[in-house]
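This briefing summarises selected features of a predicted model.

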Amino acid sequence: MSPESAPILNVSNVVKRFGGFHALDGLSFHCAPGEILGLVGPNGSGKTTAINVISGLYAPDGGEVTFDGASLGGVASHRLVHRGINRTFQIPKPFLSLTVRQNIAVALAYGRAAVAPPEMAALLDEYRLADVADRPAADLNNAQQKMLDLVRALATRPRLLLLDELAAGLNPAELDWIAERIKALAQGGMAIIVVEHLMGFIEHITDRVIVMNAGKEIFEGKLAVAVQVPQVIEVFLGGEHAA
Amino acid sequence: MPSAFKHTLFIVAPLLAVFAVLPGVYENHLLLFNFVIFLILAQGVNIIYGFTGYLPFGYVGFFGAGAYGFAILVMHYQAPAVIAVLAAGLVGVALGLLLTPLLRLSGAYFAIANLAASLAVLHFVANPALENITRGPYGVSLTGTFNPTLAYSAALAVLALTLGAVVFLKNSGFGLALQAVREDAVSASMAGVNVVRMRVIAWLASALVAGLAGGVYAWYVSVFYPDNVFSGDFSIFAIVFALFGGVATISGPIVGVIILYGIYNLIGFTTPQYFQLIYGLLIMGLVLFLPAGLVSLATRRGWHVP
Amino acid sequence: MLIYALVAGVLFGLYFSLVGIGLNLVFGVMRIVNLAHGDFLMLGAFVAFGVVTLAGIDPLFAVPLAFVLFVLVGMLLYWVLVPRLQGSVNPEMLSIILFFGLSQVIEAVTTIFFGTSERSIQSRALGTVFQTIKIKLFGGTPDSGGPIQIFGQGFPASWVIASITSLIAIAFVYVYLYRTRLGTLTRAVMSRRDEAFATGIDVDRVSAAAFGIGLGLAAVAGVFAPFMFGSVTPAFGADATVTSFAIVVLGSLGNPLGTALGGVVYGVCYMLVQTYLSSWADLLPYVLLIFILLLRPSGLLGRRVRVA
């Protein structure tokens with residue numbers, strides 16, 4: 001891992017408002033190739049909003065996001081995918097009536113991966129979907145739908161991958177397994193941002209975390225350090241610091 | 001054998017062959033022609049509703065616009081019928097382009113806005129103030145181009161084109177991506193699919209098909225009124241036929257047209273209100289008991305339906 | 001001429017609010033597009049015909065009769081149709097087709113029993129009950145039942161009676177939604193149907209009531225249809241449905257009280273176009289509907305997102 005290399009993603013002073021509510025209030029951070037960055041914070045602190053802004057679902061009301069040196073302002077989501085940004089969803093929304101294989105085929109065909117797209121068979125094997133490859137996505141259980149969502153993202157060969165609560169709902173064995181997969185992806189040079197409530201999981205896989213509260217960064221550094229900062233502890237009082 | 005070829009060989013070719021031969025052995029040519037028209041319209045609905053999820057409740061707008069496009073070219077420019085049919089297709093596409101903003105609406109809002117749009121086009125065309133151009137409510141008479149045999153062949157050509165488009169959608173990555181957009185537009189965009197462009201292409205394709213169908217219809221009947229070619233029955237029948245068979249398949253809408261339009265003609269027109277009653281009950285039964293169409297009887301058993 | 005058009009527009013507009021409000025209540029609560037809405041208006045008109053021809057009394061008596069009758073019909077229909085529909089993959093879309101089928105059935109049955117001829121009621125018949133009461137209490141003789149004067153212009157008494165009834169009906173909907181327990185639950189279901197389920201609200205009971213009231217209000221509007229539109233045939237329903245949609249969307253789909261505003265705006269526009277551009281008046285509902293959907297998709301009062 002090489003967190004020292006130049007960042008591929010720069011988020012600077014981003015503001016996102018919903019009505020009068022400031023979901024993001026001057027958020028700044030960066031992420032480098034090969035780095036796994038954790039975004040943590042209580043519910044409503046703006047983690048998912050940050051992911052939605054970076055992946056182009058929301059246009060920011062202020063500030064700027066640059067990826068690979070180019071601004072992302074006003075670029076449509078599918079173009080961001082072509083540039084090398086992809087994400088998973090907290091609640092995966094696969095194409096329910098299509099088979100698993102067809103779900104992946106769409107992303108392989110339309111993702112315009114900069115390098116050669118991955119092999120369908122390899123993806124199905126690596127993410128334990130081979131047995132259900134020809135079943136409609138509607139038949140999958142929640143964990144399998146999450147894996148399918150991840151594979152849909154990986155099929156486009158992203159250089160920046162945003163994982164929104166991928167681990168929630170997985171059992172301990174699955175957690176260890178997916179942690180290794182995520183680390184392997186980072187070692188291949190992918191920049192990865194992880195939003196997660198499971199602190200053990202975050203501690204295990206991330207190089208660095210940003211602790212957010214009320215749309216702002218309140219801490220940046222190692223999670224082990226973060227949990228000793230009074231301000232961070234205060235924010236997490238109320239049971240968020242579970243698991 | 002690639003499946004697109006199989007579908008063409010075993011579904012499209014036999015269907016076209018049957019309808020090419022039938023006029024020689026069956027006398028009611030108008031009925032055969034209407035079957036072909038409804039096959040085209042049901043497949044046109046299939047393209048937009050089956051593959052993208054937009055319910056075109058005013059689909060007849062394109063059909064009527066196509067019929068009037070044909071009529072205007074023949075009346076005012078003495079165009080040959082084949083050119084006028086092509087122009088009818090373009091009129092359909094032009095109306096489709098004009099209505100692309102409707103694609104911003106979802107669910108029932110789209111369906112209602114599309115219905116309103118078709119009625120707006122009807123009242124526009126039928127307006128006495130436009131008598132010099134469209135003949136307003138007084139209808140058009142195109143005896144100069146009257147040639148049912150050729151018009152029937154043209155209808156078959158349009159049907160072939162439409163079926164070709166559906167076979168392509170059923171067997172291509174493009175069709176798969178359209179279905180992905182239908183299932184979830186956000187996830188589709190995150191698979192790299194340009195959601196807006198896909199929807200517009202499907203919308204214009206179904207508009208083209210209905211415009212061409214309207215053109216050949218005008219050619220075949222040669223005398224018609226705005227209320228004939230903008231009749232809401234065209235939209236409803238096309239939707240119900242497609243839905244009854246099962247959308248997002250090639251065979252579903254075909255089966256739907258053959259069974260339901262067959263029943264329609266067996267019941268006959270002598271007592272329209274009894275017919276309307278039976279038809280209404282049939283539609284209600286369809287939605288309540290077979291919402292995914294006849295093909296779902298097969299797919300539920302795990303059989304693949306092309 | 002302008003004043004006439006404006007006042008007539010408001011009178012018609014209030015009536016149009018009544019025409020649309022039931023449709024909106026049904027959509028707001030159930031996310032169901034009742035394409036048979038206009039047919040229940042038509043049936044309400046036939047209740048009025050029945051009251052006049054069979055009993056020979058003021059058609060105003062048809063108002064409570066039609067309301068109660070169609071509240072019951074609505075609740076019955078709800079239980080037969082809606083739970084099954086809600087269980088399907090795409091109830092909002094399929095509802096359009098289901099209720100189209102229902103509208104065909106209603107139109108067919110009405111035609112079978114009553115034929116296709118245009119029916120109308122002498123507008124003098126409406127409101128005779130007031131004359132009778134006046135004569136009973138104060139004596140005197142029946143007057144001619146002529147036009148009612150507003151701002152120096154004469155308007156048919158039937159228009160005024162229809163608009164006053166509409167105001168009462170809108171007030172009724174307001175009281176129901178904001179002053180009764182069932183109404184509060186109804187609003188809860190409207191804003192968050194899934195959460196309402198989760199909190200243990202009997203969504204089916206609330207919805208059945210809303211469906212019944214929606215059809216009841218449509219039937220009440222139908223009682224006045226022969227006076228407002230001149231005559232009614234069984235085929236009247238389809239046009240009435242599209243007009244209702246224009247009104248409802250204008251005010252904002254899913255907000256029944258917005259319909260009151262939508263109706264008045266529609267009525268005034270309608271009368272202005274009738275007065276100054278009469279040959280294009282038929283286009284109005286459709287063009288207005290499309291423009292409102294595109295420019296202000298949530299309606300004049302709405303805030304719901306409906307963009308795909």
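Two strands pair if DSSP finds at least two bridges between them. In the hairpin of β9(A) and β10(A), two residues lie between the strands, and Ala214(A) takes a positive phi near 50°.

**Strand β9 of chain A and its partners**

- Strand β9(A) spans residues 208-213 and is mostly covered, with five of its six residues buried.
- On one side of the pairing list stands strand β3(A), residues 36-40, which pairs with β9(A) in the parallel sense over four bridges.
- Within that pairing, Val209(A) of β9(A) is the bridge partner of Gly38(A).
- Strand β10(A), residues 216-221, runs antiparallel to β9(A) and is joined to β9(A) by five bridges.
- Here Val211(A) has Phe219(A) of β10(A) as its bridge partner.

**Helix packing in chain A**

- The axes of α3(A), residues 100-110, and α5(A), residues 142-154, come within 8 Å and cross at roughly 25°.
- Angles under 35 degrees count as roughly parallel, and α3(A) and α5(A) are therefore roughly parallel to each other.
- Their crossing is right-handed.
- Val100(A), Asn103(A), Ile104(A) and Ala107(A) of α3(A) make the contact with Leu148(A), Val151(A) and Arg152(A) of α5(A).
- These contact residues comprise five nonpolar, one polar and one charged.

**Interface of chains B and C**

- Chain C places 37 residues in contact with 39 residues of chain B.
- On the chain C side, the elements giving two or more residues are α3 (62-86), α4 (91-114), α10 (236-251) and α12 (284-295).
- Of these, α4(C) gives the most, with 16 residues.
- The chain C side divides into 27 nonpolar, five polar and five charged residues.

Terms used. Residues numbered from 1 in each chain as written. Chains lettered and ligands numbered in written order. Predicted model: local features only at pLDDT ≥ 70, side-chain atom pairs only at ≥ 80, totals over all residues. Contact = placed C-beta atoms within 7 Å. Nonpolar A, V, L, I, M, F, W, Y, C, P; charged D, E, K, R; others polar. Axes fitted to C-alpha atoms, helices over the stretch in contact; angles between N-to-C directions. Parallel < 35°, antiparallel > 145°, perpendicular 65-115°, else oblique. Left-handed = near helix turned anticlockwise from the far one by under 90°. Buried ≥ 20, exposed ≤ 12 C-beta atoms within 10 Å, placed from the backbone.
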